[in-house]
Amino acid sequence: MIFELRVWKPFKHIDCPLCMAGTDVTFIARVDSTTLARKPTMKWLKGKWLDLASKAGKHMQFKETYDRNTKIYTYEMKIIKVVPGDAGGYRCEVTAKDKCDSTTFEISVEGERNQMLLRGVMYVCFHTCRDAGEDEGDLDFSALLKATKKRKKPEEEKPQIDVWELLKNAHPSEYEKIAFEYGITDLRGMLKRLKKMTVEPKHSEAFLKKLESCYSVEKGKKIVLTCEVVDPDVQVKWLKNGQEIKPSSLISEYIMEANGNIRTLTINKASLADDAAYECVVGEDKCFTEVFVKEPPVTITKLMDDYHVVVGERVEFEIEVSEEGAHVMWSDQELHKEKDTKYRFKKDGKKHTLIIQEATLEDIGMYHAWTNGGHTKGELEVEEKQLEVLQDIADLTVKATDQAVFKCEVSDDKVTGKWYKDGVEVLPSDRIKMTHIGRFHRLTIDNVKPEDAGDYTFVPDGYALSLSAKLNFLGEEDRVITKIDYVPRQDPPKIHLDTTGNMVSQNTIIVVAGNKLRLDVEITGEPAPTVVWSKGDQADPPPCRDVWNISKKHISTGRVRVESRKDLSCFVIEGAERDDEGNYTICVTNPAGEDKAVLFIKIVDVPDPPEHVKCTSVGEDCATVIWEPPKFDGGAPIKGYLMERKKKGSSRWTKLNFDVYESTTYEAKRMIEGVLYEMRVFAVNSIGLSPPSLSSKPFMPIAPTSEPTRLTVHDVTDSTCVLKWLAPEKIGAGGLDGYVIEYCKEGDTEWVVANQDLCEKQGFTVRGLPVGEKINFRVVAVNIAGRSPPATLQQPVTIREIMEHPKIRLPRDLRTKYIRKVGEKINLTIPFQGKPRPVATWYKDGQPIDPKMVNVRNSNVDSILFIRSAEREHSGKYELVLQIENMEDRATIEIRIVEKPGPPARVKVTDVWGFNAALEWDPPTDDGNCEITGYTIQKADMKTKEWFTVYEHNRRTNCTASDLIMGNEYMFRVYSENLCGLSEEPRNSKETAVIAKTGWRLCVNISPMKQKYNIKMEIFFTFDGGKYSCLAVNELGQDEVECKLDVRGKSKVV
């Protein structure tokens, strides 16, 4: 892409072109579009960002033409009647798709003489275009000025939580939140199982202790299901979702064990398939539980990128998680964007995408994505969409009474606009019509008149853009005037250098590397002079016309050449290189004389990229980056630098500064703590932007923790001091490696480190301290980012032993009678306090305890009494005595060891009447060292000798057995019962109870058969004869029949 900027003046043959105030000045820029796919966009700017299109009117006019043969666009900016207010810096900028280029020039006005001087940087060609890629466009970092968000307090570590208990106690509106936080995938099935668990279980005779209502285990961990049965020899079955689990090598992860009354089912490595309902079955009795397998937390493996787009573009925030099908929650904390229907969510395996079809300014903000094990966020910045001109307005030359039509096309069909003539708005009339159809805007003038001639401008509403064209009126009085100059026959040669276009100073020309230089030198003289060009200090070549005295390399390539025209010598350099820089001499001779001129051509280029970009320090959300200036500045001073950053692994770079930054040290802010970043730097000179530097090594913004909290002195002796503290309130992504404890004497400034290695606990004992000295202490938290601010005690600590009265802190459950069964283990921990260390002594029933029967271990803060296997003789009152010199404290614990009672004594049948029998017995001689809570009475028929329970938990020592069968003989037995259960053996009654036969028995069996009934009677004795009646009754009435029965001989059925 080649640009050429020329300034046309009415004056000639002057070194510094001047124009009196009030004259017109025209700037012309030409664009070669042979390599462009679409029409370029031209902007004329004053200062940094003032678009002059908004100033189009009578004072400032713009024009654009296109030559189809050469494919060159010509842009003109004309300032009519220049005033001192027009002084300042100007810029001409052209863009085409992803390419852009610009040049600058300056206008200054002399106040006293009211003259205008054009000076400054006027380049023959713009710098080489660069491929901007996806980051091309205006820098917009207004979002950087937003207030910093409030810092979030670090989340405290949560204790392990049983999800089943959480669900049972939670409100139904909280179910989905709990399911997301703890990774529950089948919430509906889990709630069904939870509903079954809420049913009150029935009393079980086969189980002493049932399975817990539920178990929760992490995936891959081990879990043991335990229950206790009544019969130690009974066989149990384990069911999973109603199917029996049979031991085999194929299901090696299930291990079923029986140890006494204990039955266990062990699952070694729990998987999602083990998430089920389990049952333990004993005969017809069973107990059940639910096992919930928690999946591991879902982490985010690919973080979210930041986006910088224009209005209407599509945005896709994409992340990757560690598990397929994981639940991801998207939201925007400020705008609640998760509730807006304009946002779509897409899942593809591990990839999750938030899609915004057409971004608007309202979408600017920070977007968040959460899983139950991770969080990431990305920032969206949206810029206003630029309006593109698809077809510009063309100049028109029309005759009287003809029609003039100005037409233009813009990229947005909804944009409206206004037409102006010489800065005054054009209003519609019978002769002037304005139309807007789609993207096309037309201004039609019928029956053109001389007063219609002028500059016409179309200004779109809401955009700093204007399109201008000129209407020329061709009347009959227009004619061509030919000027004839008199040329003498003999005229010495003369070189006329145009110093107004390409020269920053006299005889100096600046060319951007890679661009084309074409220097047209006007030559006069008669006869036609001979032109010789030479470079540097080379000797003058032999006299010949238009000789180019440069190395053969240039001649062979044709890159540097001289072209001759009438009265004109053209010096051309195609694709200027740095080696082309130097002094060039042009010498013209003819018989009338000689003229010579020396030109200095300076080749300028974009600078080399900066070097050694590296991060020197980081903070919580910032990082300091330094670099070295480029080795070659391109021949123009370095104006400053532009910085970009990106997250590691991403391909999207984000610009950090809008204006050039002059220093080589930069502090990047608004970064996310714990995320790896990379930085690169561009150098900027008056030509343009350098290639990017090499990316810096990845760095992570992290910050030291806050100071530890609640630093206190826990204990002091003659040479030690025990300190305790809590973790810092804010830890951050850098984590916490440990603590450093330091101390110094009061009045001293040198701190001594007390621990060689980092202390990972929240407590430390500082040893080797001098007795009686006052010592200051402080604690510092350390992580990868360094040391935190210290937590310091407000007052120094005097190193001296403190006398403290002995005090026994007896646990609440030991203040009452402590009961354990025979064979169980007893482990009692009794904490106490006192300084110096108290002496602890144990007594049983007033006598020192026997170390062979009871083990005792004492420490500085507690005393432990341990019995491996309790026996009845261990029962008694135990007393702990704590002594410090003449001070003491006592505590008494009553321990009772119990077991099952013996059988009752002297069970006897005291009376039998009708179908009843009365029993009495005496309490057992051995009550198992605890109160008898009741008795269990059983009966057995002497014929079958099968025992049936008559009473359970009968608290009295007598009872009455009822509903005995006539003619049978019964024996009885009684079990004693206490806290440990029933006695091992029952006590049988020595007597039996015989239920005598009295009278007769009539059994009637009625079997309905449709509308008939058959009545059968079993006759036992001859005296059963007699009169029998049968009465039938229903809602409509009743009926009765009678019969007479005579019994003779043997019994029979009638």
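**Notes on aromatic contacts**

1. Since this is a predicted model, the points below should be read as descriptions of that model. At 28% relative accessibility, Y661 is classed as partly exposed, because the buried class ends under 20% and the exposed class begins over 50%. Y666, at 13% relative accessibility, falls under the 20% limit and therefore counts as buried.

2. In total, the structure holds 15 aromatic pairs. One of them joins F571 and Y584, whose rings are tilted, with 5.3 Å from centre to centre and 50° between the planes. This pair links distant parts of the chain, since F571 belongs to strand β44 (residues 568-573) and Y584 to strand β45 (residues 582-590), the two residues being 13 residues apart. Both F571 and Y584 are buried.

3. Y661 and Y666, whose accessibility was described in the opening point, also form an aromatic pair, and here the arrangement is edge-to-face, with the centres 5.1 Å apart and 85° between the planes.

4. Two arginines deserve a look alongside the rings. The charged end of R680 lies over the ring of W653, at 4.1 Å from the ring centre, while for R778 the charged end is placed over the ring of W751, at 4.2 Å from that ring's centre.

Note on methods:
Residues are numbered from 1 along each chain as its sequence is written. This is a predicted model: local features need pLDDT of at least 70, side-chain atom pairs count only at pLDDT 80 or more; totals for chains, interfaces and linings use all residues. Side-chain values use heavy atoms; hydrogens and water are left out. Rings of Phe, Tyr and Trp (its six-membered ring) pair if their centres lie within 6.5 Å; planes under 30 degrees apart count as stacked, over 60 as edge-to-face and the rest as tilted. Helices (H or I, at least four residues) and strands (E, at least two) are DSSP runs, numbered from the N terminus. Buried means under 20% relative accessible area, exposed over 50%, partly exposed in between (1.4 Å probe, protein chains only). A charge sits over a ring if NZ of Lys or CZ of Arg is within 6 Å of the ring centre and within 35 degrees of the ring normal.
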